[in-house]
Amino acid sequence: MSIVITGNPGVGKHTITEKIAGRLKLPVLDINATAKDSGLFEENGGTNDIDVKKLEKIIEQKISEKNIIVGHLAPYVLHKNQVEVMVVLRRNPYDLISVYRDRKYSERKIKENTGSEILGIIAHDATNQFHEKVFQINVSEKSISKTVDETLELILGNKSNEEIDWLELVSNNNDLEKFFSD
Ligand SMILES: Nc1ncnc2c1ncn2[C@@H]1O[C@H](COP(=O)(O)OP(=O)(O)OP(=O)(O)O)[C@@H](O)[C@H]1O
Ligand SMILES: [Mg+2]
């Protein structure tokens with residue numbers, strides 16, 4: 001069974017995965033890279049559509065005994081029996097805006113991705129399918145090394161889940177309109 005690192009774009013999945021893989025000496029299986037290599041990315045008006053059913057089959061063949069699997073699609077292409085623990089990295093949506101601006105995302109793409117983080121869609125979908133195997137961690141205002149240490153603690157079963165509610169933060173700031181209007 002594999003260790004899975006997931007979460008929205010820009011939360012730090014690849015940064016953390018690389019370091020965890022080094023510490024645990026496990027091979028990385030990158031879901032996006034696999035989809036790209038298999039020709040499954042379909043350009044659709046600036047966003048990518050992926051055939052998740054096909055990707056699920058390809059991932060199944062590529063998984064070795066124990067990998068670190070990374071990708072925002074992890075909850076949608078894996079089965080419970082392939083997963084030992086699934087860590088969902090969560091990041092303050094206000095911080096994500098600057099990550100996305102640096103990446104030159106369009107305003108529409110920024111709203112889509114911050115909206116998804118505020119609603120906790122990946123965490124929700126992951127928990128629905130992987131239940132007790134899912135742990136969230138808030139990476140905001142944590143150094144990369146502290147995030148790595150805490151993620152390792154989660155993987156080893158020495159740390160409990162963090163409850164994260166950006167919706168309350170955004171709503172208290174009266175910013176729902178800012179994130180969710182057209
Ligand atoms: N505590 C932290 N943990 C991880 N990354 C962090 C942290 N703080 C800042 N970062 C930075 O966040 C940025 C985004 O990280 P990264 O590219 O790993 O995200 P990602 O989740 O892999 O994105 P994508 O889904 O687009 O591949 C990087 O510049 C990274 O250095
Ligand atoms: Mg990445």
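1. In H1, five residues are buried: Lys13, Ile16, Thr17, Ile20 and Ala21. They cover an arc of only 130 degrees around the axis, which puts them on the same side of H1. The arc is taken from the directions from the helix axis to the C-beta atoms. Buried means under 20% relative accessible area, with a 1.4 Å probe and protein chains only. An α-helix has 3.6 residues a turn, so residues three or four places apart point the same way.

2. This is a predicted model: local features need pLDDT of at least 70, side-chain atom pairs need 80 or more, and totals for chains, interfaces and linings use all residues. Residues are numbered from 1 along each chain as its sequence is written, chains are lettered from A and ligands numbered from 1 in written order, and side-chain values use heavy atoms, without hydrogens and water.

3. Helix H1 covers residues 13–24. Helices are DSSP runs (H or I) of at least four residues, strands (E) of at least two, numbered from the N terminus. Just after H1, Lys25 has a positive phi of about 55 degrees.

4. What do the buried residues of H1 pack against? Their partners are strands E1 (2–6), E2 (28–30), E5 (68–70) and E6 (83–90), plus helix H8 (144–155). Contact means heavy atoms within 4.5 Å.

5. Now the ligand. A polar side-chain atom of Lys13 lies 2.6 Å from an oxygen atom of ligand 1. A backbone N or O atom of Val11 is 3.4 Å from a ligand 1 oxygen atom. Taken alone, ligand 1 exposes 650 Å², and the protein buries 73% of that. These areas come from the Shrake-Rupley method with a 1.4 Å probe.

Technical notes: The expected span of a helix is 1.5 Å times one less than its number of residues. Buried means under 20% relative accessible area, exposed over 50%, partly exposed in between (1.4 Å probe, protein chains only). A polar contact is a pair of N or O atoms within 3.5 Å; within protein, one must be able to donate a hydrogen and the other to accept it, and residues adjacent in sequence count only if both atoms are side-chain atoms.
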